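Colleague: I have the model open and would like to go through it with you. Could you start with whatever surrounds the ligand?

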Amino acid sequence: AASAGPGAATEELLALDRQHVWHPYGPMPGTADPLVVESAAGVRLRLAEPAHGQRELIDGMSSWWSAVHGYRHPVLDEAVRDQLGRMSHVMFGGLTHEPAVRLAARLAEVTPGDLEHVFLSDSGSVAVEVAVKMCLQHWRSLGRPEKRRLLTWRGGYHGDTWQPMSVCDPKGGMHHLWSGALPVQVFAEAPPAGFAAEPDPAYVAHLHEQIGRHAHELAAVVVEPVVQGAGGMRFHSPGYVRALREACDAHDVLLVLDEIATGFGRTGELFAADHAGVVPDVMCVGKALTGGYLSMAATLCTPRVAEGIARGSVPVLAHGPTFMGNPLASAVAGASLDLLLSQDWRTRVQQVSDGLRTGLAEAAELPGVREVSVLGAIGVLRLDHEVDVAAASRAAVRAGVWLRPFRDMVYAMPPYITGDEDVARIAAAMCAAAREG
Ligand code: PLP
């Protein structure tokens, strides 16, 4: 059956998909046939019909960093069902509700330092938009409207809406499409790679100098701490995050840490900022916030930022999306956070990390593999060429694993619940993908 191609029902669905449905970064009409997922449970995606002999795939992607507890977790299913019995949504203007309030208080408690004011939005990109708005409004309110540019590292990724795109790597992805239209930000070189490497003093001095030089026009520095994710999967020393904090303090610039990918344990600390012991002025979380169940993100800020905004002629934060604080998402986010913290999550992430390290130990010897890196529950094979995405994905599927290689990388960030044998299969599939891609 596997070699006979899709059955009639799947073929009809795919024809409709090609005609009507945009996929991420996809053409219209569609050209590639996505795999049809029928259901998912634990760490396995069940396909509508076999692909390359496999009906079930181990999810090596946690649905883009989000499904840290896997799929159909009984506690999270119950949280959604329970909230559904009360209300699935209600507007947040003039109304409030327990799931959102408890979630905000809990986030304030578990995030670093005095990040205690929480704006609940519906996606990571919007959380970054809100972060930028908070910073610009803070300075405007203090009579410094000229402080409206952002400084960021090359090689970053912060989302696909306008302000976030302006701080994505201008060379990477598709954002060069918008050059000339986007706000022009200040780009610093990406920090030297290597989580365990000592910070390079010359680079740190350069960072200080660049922030100092632009401070008069900078509202904020916006970066991903410790792991630059979708912009290139690079790890750097927490020392560079400390260096940014110091430079921002010295030059009166706000520091925004985008923890949308790194938050909730992925790098081995609850937040990547915890590796550095740094408290940003603003922090964004998303993705794993709801355990991947529903779309929700949050922007947290310190009293300093909020007080600045409150002093303005418009003393309110000028933002308020329809689905702000959605009760279903809030409820499942609260349950996901409790579930994470009620377990020995560090050991689990460490076990995934160890499994990836062991499974990828020999990958460095594969032809075309330039670099192997593992941090927390993230494993990356960097190749010496652009990966052939179709061939690499096919090799992974044949090995029973869902991966999504891109640019010169084959990488995985499995759910934390992935057992040792499945982690070994993910690592083997990464090697197969690197070999064939
Ligand atoms: N920031 C980071 C670090 C991300 O990795 C992403 C998504 O990959 C985003 C922001 C954007 O989040 P979303 O896709 O939910 O808009």
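Modeller: By class, the shell around the ligand has five nonpolar, seven polar and two charged residues, where Ala, Val, Leu, Ile, Met, Phe, Trp, Tyr, Cys and Pro count as nonpolar, Asp, Glu, Lys and Arg as charged, and the others, Gly among them, as polar. Please keep in mind that this is a predicted model, in which local features need pLDDT of at least 70 and side-chain atom pairs count only at pLDDT 80 or more, while totals for chains, interfaces and linings use all residues. Residues are numbered from 1 along each chain as its sequence is written.

Colleague: How many residues surround the ligand, and which are the closest?

Modeller: The ligand is surrounded by 14 residues, the closest being Gly124, Ser125, Gly159, Ile260 and Ala261; a residue is near a molecule if its C-beta atom, placed from the backbone, lies within 6 Å of it.

Colleague: And which element gives the largest share of that shell?

Modeller: That is helix 5 (residues 124-141), with three residues. Helices (H or I, at least four residues) and strands (E, at least two) are DSSP runs, numbered from the N terminus.

Colleague: Moving to strand 10, is it buried or exposed?

Modeller: Five of the five residues of strand 10 (residues 254-258) are buried, so the strand is largely enclosed by the rest of the structure. Buried means that 20 or more other C-beta atoms lie within 10 Å of the residue's own, exposed means 12 or fewer, and partly exposed is in between, with C-beta atoms placed from the backbone. Both faces are covered, with Leu254, Val256 and Asp258 buried on one side and Leu255 and Leu257 buried on the other.

Colleague: What does strand 10 pair with?

Modeller: Strand 7 (residues 218-223) pairs with strand 10 in the parallel sense over four bridges, and valine 222 has valine 256 as its bridge partner there. Strand 10 also pairs in the parallel sense with strand 11 (residues 282-285), over three bridges, and in that pairing aspartate 258 stands opposite cysteine 284. For two strands to count as paired, DSSP has to find at least two bridges between them.

Colleague: Where is the cis peptide bond?

Modeller: The cis peptide bond joins methionine 28 and proline 29, with omega at about -5°, and proline 29 is found in the loop between helix 1 (8-20) and strand 1.

Colleague: Changing topic, what do strand 13 and strand 14 form?

Modeller: They form a hairpin with two residues between the strands, and glycine 376 in the turn has a positive phi of about 55°. Strand 13 (residues 369-375) and strand 14 (residues 378-383) pair in the antiparallel sense over six bridges, and five of the seven residues of strand 13 are buried.

Colleague: What is glycine 379 in contact with?

Modeller: Glycine 379, which lies in strand 14, is buried, with 28 other C-beta atoms within 10 Å. Leaving aside neighbours within four places in sequence, glycine 379 is in contact with Leu356, Leu360, Val374, Tyr411, Ala412, Ala427 and Met430, contact meaning that the C-beta atoms, placed from the backbone, lie within 7 Å.

Notes: Contact = placed C-beta atoms within 7 Å.
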